[in-house]
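This briefing goes through one protein model, topic by topic. Please keep the sequence and the 3D view open while reading.

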Amino acid sequence: MPQDLPPKTVDADSHAGEAVQDDPYLWLEEVDSERALSWVRERNAQSLARLQDGQRYPALRRELLEVLNARDRIPQITRRGAFFYNLWQDEQHKRGLWRRCTLDEYRRPEPVWETVLDLDALGAAEGESWVFAGADALGPDYRRCLVSLSRGGADAHVVREFDLVDKRFIAASEGGFELPEAKSQVEWIDADTVYVGTDFGPDSLTDSGYVRVLKRWRRGTPLAQAQTVFEGEAQDVVVSVQVDRRPGYERTLFVRALDFYRQASFLLQADGSLARLDLPDDAQPHFWGPRLLISLRSDWVLDGQTHASGSLLLADAAAYLAGERRFQALFTPSPTRSLADYTLTREHLLLNVSENVASRLEEWDFRSTPPRHRPVPAPFPGTLGLAALHDDELAEDPLADHYLLSYTDFLTPDTLALARAGDDAREPLKARQPQFEAAGMRAEQFFARSADGTAVPYFVIWPAGATADGRNPTLLYGYGGFEVSLQPWYSGGFGRAWYQRGGVLVLANIRGGGEFGPAWHQAAILEHKQKSYEDFIAVAEDLIARGISRPAQLGIMGGSNGGLLVGAVSMQRPELFNAVVCQVPLLDMRRYHQLLAGASWTAEYGNPDEPADWAVISRYSPYQNVRAERQYPRILFTTSTRDDRVHPGHARKMAARMLEQGHEILYYENIEGGHGGAADNEQRATLQALEYSYLWQQLGGEQA
């Protein structure tokens, strides 16, 4: 063991029996109170004075903004009929242009885009800080569209009907659909009818603050007259509806999300009744014309046969609904292979398979009986992205078997190609130019051994010329929750602000994520959540043991659940790190379920109101485990006033408690940005430059 690896200290179990004391900082949960905002402004001023001092910050912000506004970014597109739509933000259009072009035009090096909606002009005209929050267009003609607009990037949004031909909003006075600000859901039934879920008043939302009641709303009638068609329970996370308009296979599916991972699905019958699908609560159904696809999150035993967790099963939809239980397994996991995603063309199923945290592409061809399976040659190792282009509302679709295939890895800029199922030939569409000089850099995968012996993979991205001399400024990034996988990605921001200045990046694939399927996730939830933190600590210790870094130059970063991760780990093993970037975090796990959307996450963490659950949670909850007598690195907390998913009170209260105990911390709260922390590229560049400036101040390095 290297000499500068500190000995282990007392872990969080030492505090398991402590009583929960009155919280003196509840007033910081008052998001917009003048007292709380005054505290925020004071903390922001102190942090900005420190982090923007000198020449480092302006240089970092300038380079990061260049990356964010770079003209060669690949425009991400969504097909709606004959057009492909994109939201584009740059220095002239900070909130963005919602624009479109044809596929033939998109093929050009410099497409000519038609502006559909200018978000900056709209915000200026209406005196609002509008952020585009999505759109739902009605096929197959795609003229009527429901546009969602968020104030400052919050999850709550207004909904307004938009005409994609005339490129104008249709006012309520003209019969247009409009909804006030809420976490609403709207789904087209036909041109004059929608399903709507919103805040209808008392008892219309779940305990998590999401839709509980769905109604059928006809054009030209008051929302108050909409007819209730489906309801969930208050303890559900949310209810939703899916309308399948494929000719000959029209279906409407209502869903109650019982918790974050379980659901009850109900198929609308011809007589208006609802029939519950006979499925395990944690299985995900997907109707595909005459077929039914079922994704499993736990083992399913039927007629003596076990279908493994993580499998994808195929059934004949009509036969299944009639009671038959015959399946074909289209994917079965292994210890190193899991199903990351799948996408559907008219007659093909494309599987995006994760193999030791790198993507493989496989294909099922349903033009024959039985369907044929084959591996598809694709770039490796790295991350593939799939997006089918098929519009199943069109009887004749020229893109029925086409899909978009993207590829990237840590040192390879994104590329995008047009592919056709059943054919290995691809048409290159777009390729990003390198955002940083990668010559001499390399990416490697290592495995650390966690406390219980589990092998935990992690990636190391080395700057040019770096060696394992124990002196590298190193940033360890993790998430470890909600079955979210962290796969290789190309980042111009990391490249310019970190690698090129001599920093090492480490990406940890800890349990709680989805890198190896549902079992990898379920190994670190509820009473096992500490496993995520043990895995992350094991990676940090392995970095030190290998000489990749040392505590004085090792920092950690994570956001949301990842903010809880770095908060918990920094409380448990503060001597391992000298920098902590804690972004939009959960930190007060005693009250998380009472704040905003927190109640929806009890399936991940447990319910702190239950004594058995709190006995576990109390051991790692950062807000309850920070100690005045311990030494911690100077932590940087970042959040957003407009984050209506993870309450900014978590970061505010943690910072206040640490300051009260005499610890040095930095705190920055962006007024806008929602859970993403920033609403436009200017704000993103500011936030990122502050974070990198902090990291270089804490971790040093000759090229900093």
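This is a predicted model: local features need pLDDT of at least 70, side-chain atom pairs count only at pLDDT 80 or more; totals for chains, interfaces and linings use all residues.

**Nonpolar cores**

- In soluble globular proteins, nonpolar side chains tend to be buried together.
- The largest nonpolar core in this model has 117 residues. Those with the most contacts inside this core are Tyr-458, Leu-476, Trp-498, Phe-637 and Leu-695.
- Setting aside neighbours within four places in sequence, Leu-476 is in contact with residues including Val-506, Ala-508, Phe-536, Val-539 and Leu-543. Leu-554, Gly-555, Ile-556 and Met-557 are also among its contacts.
- There is also a second, separate core of 17 residues. Among its members are Trp-98, Ala-137, Val-158 and Phe-169.

**Aromatic rings and charges**

- The count of aromatic pairs comes to 29.
- One of these pairs is formed by Trp-498 and Trp-696, whose ring centres are 4.4 Å apart. The planes make an angle of 40 degrees, and the pair is classed as tilted.
- The pair links distant parts of the chain, as its two members are 198 residues apart. Trp-498 lies in the loop between helix H6 (492-497) and strand E35 (504-508), while Trp-696 belongs to helix H14 (residues 681-699).
- Trp-498 counts as buried because its relative accessible area is 0%, and buried means under 20%. Trp-696 is buried as well, with a relative accessible area of 1%.
- Six residues, Phe-410, Phe-459, Tyr-477, Trp-489, Phe-494 and Tyr-692, form one aromatic cluster.
- Charged side chains also meet rings. The charged end of Arg-80 sits over the ring of Tyr-85, at 5.1 Å from the ring centre. Arg-590 has its charged end over the ring of Trp-614, 5.1 Å from the centre of that ring.

**The sheet E1 to E4**

- Strands of a sheet pair through backbone hydrogen bonds, either parallel or antiparallel.
- Four strands in the order E1-E2-E3-E4 make an open sheet with antiparallel pairing.
- The edges are taken by strand E1 (78-80) and strand E4 (114-118). Each of these has a single partner strand, so one side of each is left without a neighbour in the sheet.
- From one strand to the next, the twist averages 30 degrees.
- Helix H4 (residues 119-126) packs on this sheet and touches strand E2 (83-88), E3 and E4. The direction of H4 makes about 30 degrees with that of E4.
- Strand E3 (residues 97-101) pairs with E4 over 4 bridges in the antiparallel sense. Within this pairing, Trp-98 stands opposite Leu-117 in E4. Trp-98 is also one of the residues of the second core.

**The sheet E28 to E31**

- This open sheet has 4 strands in the order E28-E29-E30-E31, and the pairing is antiparallel.
- Strand E28 (383-388) and strand E31 (423-431) are at the edges. Each has a single partner strand, so one side of each lacks a neighbour in the sheet.
- The twist averages 25 degrees from one strand to the next.
- Strand E29 (residues 402-409) and strand E30 (residues 412-420) run antiparallel and are joined by 7 bridges. Ser-406 stands opposite Leu-416 in E30.

**Strand E16 and its partners**

- In strand E16 (residues 263-268), 5 of the 6 residues are buried, so the strand is largely enclosed by the rest of the structure.
- Strand E15 (residues 251-257) runs antiparallel to E16, and 5 bridges join the two. Arg-256 stands opposite Ala-264 in E16.
- E15 and E16 form a hairpin, with 5 residues between them.
- E16 also pairs in the antiparallel sense with strand E17 (residues 274-276), over 3 bridges. Here Leu-268 stands opposite Leu-274 in E17.
- The hairpin of E16 and E17 has 5 residues between the strands. Gly-272 in this hairpin takes a positive phi near 90 degrees.

**A loop residue, Arg-108**

- Arg-108 is found in the loop between helix H3 (103-106) and E4.
- Is Arg-108 buried or partly exposed? Arg-108 is partly exposed, with a relative accessible area of 47%.
- Arg-108 and Asp-423 are 315 residues apart along the chain, and their C-alpha atoms are separated by 23 Å.

Terms used: Residues are numbered from 1 along each chain as its sequence is written. Side-chain values use heavy atoms; hydrogens and water are left out. A nonpolar core is a set of buried Ala, Val, Leu, Ile, Met, Phe, Trp, Tyr and Cys residues joined through side-chain atoms within 4.5 Å. Buried means under 20% relative accessible area, exposed over 50%, partly exposed in between (1.4 Å probe, protein chains only). Contact means heavy atoms within 4.5 Å. Two strands pair if DSSP finds at least two bridges between them. Axes are lines fitted to C-alpha atoms, for helices over the stretch in contact, and angles run from 0 to 180 degrees between N-to-C directions. Rings of Phe, Tyr and Trp (its six-membered ring) pair if their centres lie within 6.5 Å; planes under 30 degrees apart count as stacked, over 60 as edge-to-face and the rest as tilted. A charge sits over a ring if NZ of Lys or CZ of Arg is within 6 Å of the ring centre and within 35 degrees of the ring normal.
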